[in-house]
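I opened a new notebook page for this one. My plan is to look up a few things at a time and write down what turns up.

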Amino acid sequence: APPSTSSRPATTGTSAPGTTTSQPGRFSSEEREVVDAYVAAMEAFDQATADPPNPDHPALAATTVDPVLTEVRNLAASWKGFGQALRYPQNSVHEITPLTVEIDGETATIETCNVDDGILYEPASGRVLNDKITTAHDRATMTLVDGTWRLTTRVQVEKWEGVAGCAVASS
């Protein structure tokens, strides 16, 4: 799954039409940099797992570091080997909403609420393997590497079926 300990439904298409909820004034400019870097890492995941999956997609190395980098590369390689890929539906409800950002020197912790309607499918046949919509409260660690925030770890705090949980609470 994306840089985390849980699996994310895959989808077809290159990148999620999903949006990041922006809350002007809620985060400082430095915190906003962390949010933007996190979103870029999630977009890199989407790009690396889209048809055809590319474990060496350059956006991965630009936005993530180990252990997440290796996790995503392994997932993309696995999906590629099984003839699977990720895409988003036409009227996607995919959304990443930042909840909190804490910066301590060269390390930042970000908590997000993610609505994921990605579809795991087989491009050759079009067969859908997973099209469940889920919502997850995730906690991630970002590390400052050469002046750029990169995703280092990502864990799921809580998960719900459908658009639920933190997505309902934060709307």
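**Entry 1: two prolines**

I started at Pro 52, which sits in the loop between H1 and H2. Helices (H or I, at least four residues) and strands (E, at least two) are DSSP runs, numbered from the N terminus. The peptide bond from Asp 51 to Pro 52 is cis, with omega near -10°. I then went to Pro 67, in the loop between H2 and H3. A cis peptide bond links Asp 66 to Pro 67 as well, and its omega is about 10°.

Before going on, I noted what I am looking at. This is a predicted model, where local features need pLDDT of at least 70 and side-chain atom pairs count only at pLDDT 80 or more, while totals for chains, interfaces and linings use all residues. Residues are numbered from 1 along each chain as its sequence is written, and side-chain values use heavy atoms, with hydrogens and water left out.

**Entry 2: an aspartate with positive phi**

Next I looked up Asp 146, in the loop between E7 and E8. Its phi is near 50°, a positive value in a residue other than glycine. I wrote a reminder beside that: most residues other than glycine have a negative phi, and most peptide bonds are trans. Is Asp 146 buried or exposed? It is exposed, because its relative accessible area is 80%. The cut-offs are under 20% for buried, over 50% for exposed, and partly exposed in between (1.4 Å probe, protein chains only).

**Entry 3: the whole chain**

I stepped back to see the protein chain, which has four helices and eight strands. From the N terminus on, I read the order as β-α-α-α-β-β-β-β-β-β-β-α. Buried residues make up 47% of the 171 residues. Contact means heavy atoms within 4.5 Å. Among the contacts with a separation of 6 or more, 68% are between residues 24 or more positions apart.

**Entry 4: the largest core**

A nonpolar core is a set of buried Ala, Val, Leu, Ile, Met, Phe, Trp, Tyr and Cys residues joined through side-chain atoms within 4.5 Å. Which residues touch the most other members of the largest one? They are Val 34, Tyr 38, Phe 45, Ile 110, Met 142 and Leu 151, out of 29 residues in that core. The elements giving two or more residues to this core are helix H1 (29-49), helix H2 (58-63), helix H3 (68-81), strand E3 (95-104), strand E4 (107-116), strand E7 (134-145) and strand E8 (148-161). H1 gives the most, with ten residues.

I clicked on Ile 110 to see its partners. Leaving aside neighbours within four places in sequence, Ile 110 is in contact with Val 34, Val 35, Tyr 38, Thr 100, Val 101, Asp 138, Arg 139, Ala 140 and Met 142. I also found a second, separate core of five residues, including Leu 99, Val 115, Cys 166 and Ala 167.

Thr 112 is in strand E4. Thr 112 counts as buried because its relative accessible area is 1%. What does its side chain pair with? A polar contact of 3.4 Å joins it to the side chain of Tyr 38. For a polar contact I need a pair of N or O atoms within 3.5 Å; within protein, one must be able to donate a hydrogen and the other to accept it, and residues adjacent in sequence count only if both atoms are side-chain atoms. I also checked Thr 112 against Ala 140: they are 28 residues apart in sequence, and their C-alpha atoms are 8.3 Å apart in space.

Asn 114 is in strand E4 too. Asn 114 counts as buried because its relative accessibility is 7%. Its side chain makes a polar contact of 2.6 Å with the side chain of Asp 138. Not counting residues up to four places away in sequence, Asn 114 touches residues including Tyr 38, Glu 95, Thr 135 and Arg 154.

**Entry 5: Glu 95**

I finished with Glu 95, placed in strand E3. Glu 95 counts as partly exposed because its relative accessibility is 28%.
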